[in-house]
Amino acid sequence: ICICLFLSLLSDPFLSPLSLLQTVQSHKPHFLAVHCQEVGGKNYEASMSHVDSFVKELLSSDAMREYSRVRVYLDENYKSQEHFTALGSFYFIHESLKNIHQFDFKAKKFKKVLGKETCSETLESTPTLEKEKFPQDYFPECKWSRKGFIRTRWALADCAFDLVNIHLFHDASNLVAWEKSPSVYSGTRQKALGYVLDRITDQRYEKVPYFVFGDFNFRLDSKQVIESLCSTATMQTVRAADTNEVDKLIFRESDNDRKVVLQLEKKLFNYVNQDVFRENNGTSLLEFDKELSVFKDRLHELEISFPPSYPYSEDSSQGKQYMNTRCPAWCDRILMSSSARDLVLKPENEEKSIVYDNIGPNVCMGDHKPVFLSFRITAGAGKPNANKHKCCVVQ
């Protein structure tokens, strides 16, 4: 079974699903899960109409022809501020995969998956998912935005698992993120992720393995990474004339004509050598990727071997270039519970069959580069002659 977990695919309403379809054709999943955040893009009022075109193009493509059962959940009702999350979850089941069921959270039982269905608008009343927007007091400065999660539950033979689509809070200001380690934004994300994990493991339903994938907005520890990148530089502080608040930080080399190494503003992160985030996939900077460590007993991840997934240029000719708005970071992740990790890392699961990577490394995919996890799970694990299925998870 190939469970594919996807993120930020719809941040650009004109984005073609070509790179996704190429990944599907390459890995040939039996079960494909695609998670999107910011459905309709950032300007969703104007762009939401493009979502239907994207869905139709995806469903009618040759690559998806053999997926006889489909479930699409789109949170498009942006007029409902109390509930709107702009999350989109897509699930595709290959015609060769028999006996697959989806959980009905209201009836508290599994039901066989048949046909193709698309649900939008009032997802709150859809029994086959749980959708929540974070409580308003979780939001920074109590300013409501499109952040929350959607959970679905699936059963393949004797194997049941939850798939959780998540979108956590971003860093509003580079200057605020730099002030202390860990940043105030890191604390907000930690609180929200803890809320989600508590909800999906509470006593209402039987506990099953879970995969959580989406835009976690995890950032490198700003203070520590800047101190590392600018270790030999001197810092100049520029304050706003009217408020005397810090408006800009300029880091210059002590010699070499005092060349500017980094210029930092609220929405500017202009570092002199962007290659540091691409060389060896930027993994030398993973030591500053610390936000997941708080949940080391509850969430696990396979080894990262792809460059930071955000913020890529949205210029169609600059597929590998980062924007100079934020410090590049691995925002888009595929995480899992201990029991889910055991499903992925079964002894009989050949190492070569597990792939955790990004999609479209050389082409523009919007400001986030989607990531995916492809692996095999054994239906009825531990039983003689159990069938292996290929799963691809796309974030």
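What volume does the largest pocket have, and which residues are the closest to its centre?

Modeller: The model is a predicted one, in which local features need pLDDT of at least 70 and side-chain atom pairs count only at pLDDT 80 or more, while totals for chains, interfaces and linings use all residues. Residues are numbered from 1 along each chain as its sequence is written, and side-chain values use heavy atoms, with hydrogens and water left out.

The largest pocket has a volume of about 1000 Å³. A pocket here is an open set of points on a 1 Å grid over the protein atoms alone, with protein on both sides within 12 Å along at least five of seven lines, whereas a cavity is a set where a 1.4 Å probe fits but cannot get out; lining residues have an atom within 4 Å of a point. The points are joined across faces, edges and corners, and the volume is the space filled by probe spheres set on them.

The largest pocket is lined by 40 residues, and the closest to its centre are S145, K147, H170, D171 and A172. Its lining comprises 15 charged, 13 nonpolar and twelve polar residues, where Asp, Glu, Lys and Arg count as charged, Ala, Val, Leu, Ile, Met, Phe, Trp, Tyr, Cys and Pro as nonpolar, and the others, Gly among them, as polar. Helix 5, residues 184-200, supplies the largest share of this lining, and that share is three residues; helices are DSSP runs of H or I with at least four residues, numbered from the N terminus.

Of the 13 residues that line the largest cavity, the closest to its centre are D171, N174, A177, S222 and C327, so D171 is named among the closest residues both for the largest pocket and for the largest cavity. Two elements, helix 4 (174-179) and helix 6 (222-229), each give two or more residues to the lining of the largest cavity, and helix 6 gives the most, with three residues. By residue class, the lining of the largest cavity holds eight nonpolar, three charged and two polar residues.
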